[in-house]
Amino acid sequence: MHQITLFTQPDCPPCEYSKLFLKEHGFDFEMRDIQKDPRAKKDLIKKYQSFSTPTFVIDGTVIYGFDLEKLKEALNLS
């Protein structure tokens, strides 16, 4: 079981692809909307050194953007 956090925001097409990808593969994940949750935005920037969405944190590994190959590798799908 993977621990997955997805940082997202409204009107972000790659964020929507990311949610669909995780759901289609049956993964549970925590979604953190940086527009609605100031703490999520602070964590995204300070803790993960990311300034964009989507950003994934999978078992402690940070993946910036919807990078299909990196996602598959981190989730053992390749």
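Colleague: How many bridges join β1 to strand β3, and which way do the two run?

Modeller: Four bridges join β1 to β3 (residues 55–58), and the two run antiparallel. Two strands pair if DSSP finds at least two bridges between them. Helices here are DSSP runs of H or I with at least four residues, strands are runs of E with at least two, and both are numbered from the N terminus.

Colleague: OK, and before we go on, where does the model come from?

Modeller: It's a predicted model, where local features need pLDDT of at least 70 and side-chain atom pairs count only at pLDDT 80 or more, while totals for chains, interfaces and linings use all residues. Residues are numbered from 1 along each chain as its sequence is written, and side-chain values use heavy atoms, with hydrogens and water left out.

Colleague: Got it. What pattern does the chain follow along the sequence?

Modeller: The pattern reads β-α-β-α-β-β-α. That comes to three helices and four strands. The radius of gyration of the chain is 12 Å, close to the 12 Å that the globule rule gives for 78 residues, so the chain is as compact as a globular protein of that length. That radius is taken over C-alpha atoms, and the globule rule is 2.2 Å times the number of residues to the power 0.38.

Colleague: Back to β1. In which sense does β1 pair with strand β2?

Modeller: Parallel, over four bridges, with β1 covering residues 4–8 and β2 covering residues 30–33. Between the two, the chain passes through helix α1 (residues 13–24), and this β-α-β crossover is right-handed. Right-handed means that, with the strands pointing away from the viewer, the path from the first strand over the helix to the second runs clockwise. Two of the bridge partners in β2 can be named: Met31 goes with Leu6, and Asp33 goes with Thr8.

Colleague: How many residues of β1 are buried?

Modeller: Five of its five residues are buried, so to speak a mostly covered strand. Buried means under 20% relative accessible area, exposed means over 50%, and partly exposed is in between (1.4 Å probe, protein chains only). Ile4, Leu6 and Thr8 point one way from β1, and Thr5 and Phe7 point the other way. In a regular strand the side chains alternate between the two faces of the sheet.

Colleague: What about the loop after that strand? Is Pro10 buried, exposed or partly exposed?

Modeller: Pro10 is partly exposed, because its relative accessible area is 40%. Pro10 sits in the loop between β1 and α1. Leaving aside neighbours within four places in sequence, Pro10 is in contact (heavy atoms within 4.5 Å) with Asp33 and Gln35. Pro10 and Asp33 are 23 residues apart along the chain, but their C-alpha atoms are separated by 7.7 Å.

Colleague: And Asp11, buried or exposed?

Modeller: Asp11 is exposed, with a relative accessible area of 82%. Its phi is near 60°, a positive value in a residue other than glycine.

Colleague: New topic. Which cysteines does the disulfide join?

Modeller: Cys12 and Cys15, with 2.3 Å from S to S. The rule is a pair of cysteine sulfur atoms within 2.5 Å, and the count comes to one disulfide. The link of Cys12 and Cys15 is right-handed, with 70° about the S-S bond. Both cysteines, Cys12 and Cys15, are buried.

Colleague: What does the side chain of His2 make a polar contact with?

Modeller: With the side chain of Asp59, at 2.6 Å. A polar contact is a pair of N or O atoms within 3.5 Å; within protein, one must be able to donate a hydrogen and the other to accept it, and residues adjacent in sequence count only if both atoms are side-chain atoms. His2 lies in the segment before β1, and His2 is buried, with a relative accessible area of 19%.

Colleague: Last one: which peptide bond is cis?

Modeller: The bond from Thr53 to Pro54, with omega near 0°. Pro54 is in the loop between α2 and β3.
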